[in-house]
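Here are my notes on this model, as numbered points. Please read them with the structure open.

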Amino acid sequence: NNQVSGQNITWERNPAIPIPPIENPLKLNVESSNIFFNGLLGSSATTLYTVGKRTKALLREIHVCNKSSTDRTFTLRIVPYGVSTADDYALYKDYPVQAKESITFHHHTVLYAEWFISALASNANDISIFLSGVEVLTL
């Protein structure tokens with residue numbers, strides 16, 4: 001029973017209207033923004049980020065900076081779970097970055113559970129890279 005403006009109101013559930021069942025209340029999505037990687041690239045392929053189990057990731061931005069006074073290149077791969085880092089998966093292959101230049105790439109690239117991002121530069125420690133995005137965890 002509730003009172004509204006001095007009147008008693010009785011709330012009763014109508015049995016003719018079914019209450020919908022709660023479908024798996026633990027199957028929720030939790031989203032968080034993340035820095036996937038921030039650092040210098042080496043001259044051999046290195047894993048920068050791996051998507052966790054029961055997780056999807058959305059790669060949003062890639063910032064690349066050539067700190068050197070010489071033009072350089074970089075390669076970045078998005079590699080599905082269970083395969084090698086073959087060039088078939090290169091998002092950017094030998095992509096040129098002029099001396100002292102910074103480039104920003106905007107993406108909406110989905111990565112699935114246990115996929116990974118690897119990268120390398122034409123010369124170690126001259127290219128810095130920053131990867132950011134969103135992870136969605138299914139509980």
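1. Helices (H or I, at least four residues) and strands (E, at least two) are DSSP runs, numbered from the N terminus. On that basis the elements of the protein run β-β-β-β-β-β-β-β-β-β from the N terminus on. The totals are zero helices and 10 strands.

2. A word on the basis. This is a predicted model: local features need pLDDT of at least 70, side-chain atom pairs count only at pLDDT 80 or more, and totals for chains, interfaces and linings use all residues. Residues are numbered from 1 along each chain as its sequence is written, and side-chain values use heavy atoms, with hydrogens and water left out.

3. Overall figures. Of the 139 residues of the protein, 30% count as buried. Buried means under 20% relative accessible area, exposed over 50%, and partly exposed in between (1.4 Å probe, protein chains only). The protein exposes about 9000 Å², and carbon and sulfur atoms supply 51% of it. These areas come from the Shrake-Rupley method with a 1.4 Å probe; for residues, only the protein chains shown count as cover. Take contacts between residues at least 6 apart in sequence: 80% join residues at least 24 apart. Contact means heavy atoms within 4.5 Å.

4. The open sheet. Four strands lie in the order β4-β9-β6-β7, with antiparallel pairing. Strands pair if DSSP finds at least two bridges between them. β4 and β7 stand at the edges with a single partner strand each, so one side of each is left without a neighbour in the sheet. The twist averages 20 degrees from one strand to the next (axes are lines fitted to C-alpha atoms, for helices over the stretch in contact; angles run from 0 to 180 degrees between N-to-C directions).

5. β6 deserves a look. Its antiparallel pairing with β7 runs over five bridges, and Thr73 stands opposite Pro96 there. With β9 the antiparallel pairing has six bridges. Across that pairing, Thr75 stands opposite Leu120 and Arg77 opposite Ser118. Seven of the eight residues of β6 are buried, so β6 is largely enclosed by the rest of the structure.

6. The largest nonpolar core has 24 residues. Such a core is a set of buried Ala, Val, Leu, Ile, Met, Phe, Trp, Tyr and Cys residues joined through side-chain atoms within 4.5 Å. Ile62, Phe74, Leu76, Ile117, Ile129 and Leu131 touch the most other members. The elements that give two or more residues include β3 (29–40), β6 (72–79) and β10 (127–138). β5 gives the most, with four residues. Phe74 touches, among others, Leu41, Val64, Tyr92, Phe105, Leu120 and Ile127, not counting residues up to four places away in sequence.

7. Aromatic pairs. Rings of Phe, Tyr and Trp (its six-membered ring) pair if their centres lie within 6.5 Å; planes under 30 degrees apart count as stacked, over 60 as edge-to-face and the rest as tilted. The count comes to eight aromatic pairs. Tyr92 and Tyr95 are edge-to-face, at 5.4 Å centre to centre and 85 degrees between the planes. Tyr95 and Phe105 have ring centres 5.2 Å apart and planes at 80 degrees, so this pair is also edge-to-face. Tyr95 sits in strand β7 and Phe105 in strand β8, 10 residues apart.

8. Tyr95 is partly exposed, at 30%.
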